Amino acid sequence: MRPGEVEPTVVVIDDDEEIREGLQGLLGSVGLRVELFGSVQEFLGSARPDRPGCLVLDVRLPGRSGLDFHDDLAMANVHMPVIFISGHADVPMSVRAMKAGAVEFLTKPVRHQDLLDAIQRALDQDRIRREDDKAVAELRASLDTLTLREREVMVLVVAGLQNKQIAHEIGVTEATVKVHRGQLMRKMRARSLAELVRMADKLKLSHPKSKPSSTKV
């Protein structure tokens with residue numbers, strides 16, 4: 001774990017108490033923080049702060065099944081990585097889980113090293129996603145400092161238009177475009193056009209379908 005990072009948590013949801021306790025012992029032996037639940041309902045009834053981690057989820061559970069719960073997470077835009085474990089797996093079940101984005105699908109009895117490897121991949125995946133989300137949030141904060149005209153120029157710049165073309169497109173002088181371009185590069189902290197294009201890609205900015213306003217500044 002990196003300095004300053006919150007300790008990740010491996011959440012285990014399995015209705016078999018013996019398996020839960022076995023996994024707690026295994027994961028605890030390698031220094032992983034573990035939380036145990038016997039059902040999806042029990043998990044949902046607990047306090048759920050947003051913190052790094054992954055979910056080890058049994059497929060067959062009382063009430064809401066593991067597969068259905070995984071679908072619920074996706075619909076709720078919850079990105080917690082999931083590792084499925086099952087003692088009653090079949091091919092369609094495993095295919096459904098993997099297509100839905102599961103990190104791994106393991107059959108019981110689970111080989112310890114296979115599970116530990118899958119958990120490490122899941123934790124790495126969650127860390128990378130969180131780092132990316134943080135970077136995008138910082139980019140959005142910078143984007144919010146742009147004026148409407150600067151944002152308009154940025155979209156056209158990353159679309160590949162030259163200053164003269166942008167000036168014609170939005171109805172201002174080329175000198176004005178250069179000023180806006182310099183300001184937006186400074187505010188976005190972009191050191192090059194290539195870096196600005198990568199930022200716009202992360203922010204999902206694209207060329208407007210209709211011609212921008214010709215209001216002069």
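Biologist: Quick one to start: which residue in E2 does Thr9 stand opposite?
Modeller: Thr9 faces Arg33 there. Keep in mind that this is a predicted model.

Biologist: What kind of unit do they make with helix H1?
Modeller: With H1 (residues 17-29), strands E1 and E2 form a β-α-β unit that is right-handed.

Biologist: Nice. Switching to H9, which of its residues are buried?
Modeller: In H9, which spans residues 193-203, those are Glu195, Leu196, Met199, Ala200 and Leu203. They line one face of the helix, because looking down the H9 axis they fall within an arc of 140°.

Biologist: What covers them, then?
Modeller: Among the covering elements are helix H5 (112-143), helix H6 (148-158) and helix H8 (174-188).

Biologist: And which exposed residues sit on the face turned away from the buried side?
Modeller: Arg198 and Asp201 are carried on that face of H9.

Biologist: What follows H9?
Modeller: Lys204 comes next, with a positive phi near 60°.

Biologist: Okay, confidence. What does the chain average in pLDDT?
Modeller: The average is 89, and 92% of the residues score at least 70.

Biologist: Where in the chain is confidence lowest and highest among the helices?
Modeller: Helix H4 (residues 91-99) is lowest, with a mean of 85, while H8 is highest at 97.

Biologist: Where does pLDDT stay under 50?
Modeller: That happens over residues 210-217. For this stretch the model has 19 contacts beyond four places in sequence.

Technical notes: Residues numbered from 1 in each chain as written. Predicted model: local features only at pLDDT ≥ 70, side-chain atom pairs only at ≥ 80, totals over all residues. Heavy atoms only, no water. Buried < 20%, exposed > 50% of the residue type's maximum accessible area, 1.4 Å probe, protein only. Helix = DSSP H or I, 4+ residues; strand = E, 2+ residues; numbered from the N terminus. Arc of directions from axis to C-beta. Contact = heavy atoms within 4.5 Å. pLDDT = per-residue confidence, 0-100. Pairing = 2+ DSSP bridges. Right-handed = clockwise from strand over helix to strand, strands pointing away.
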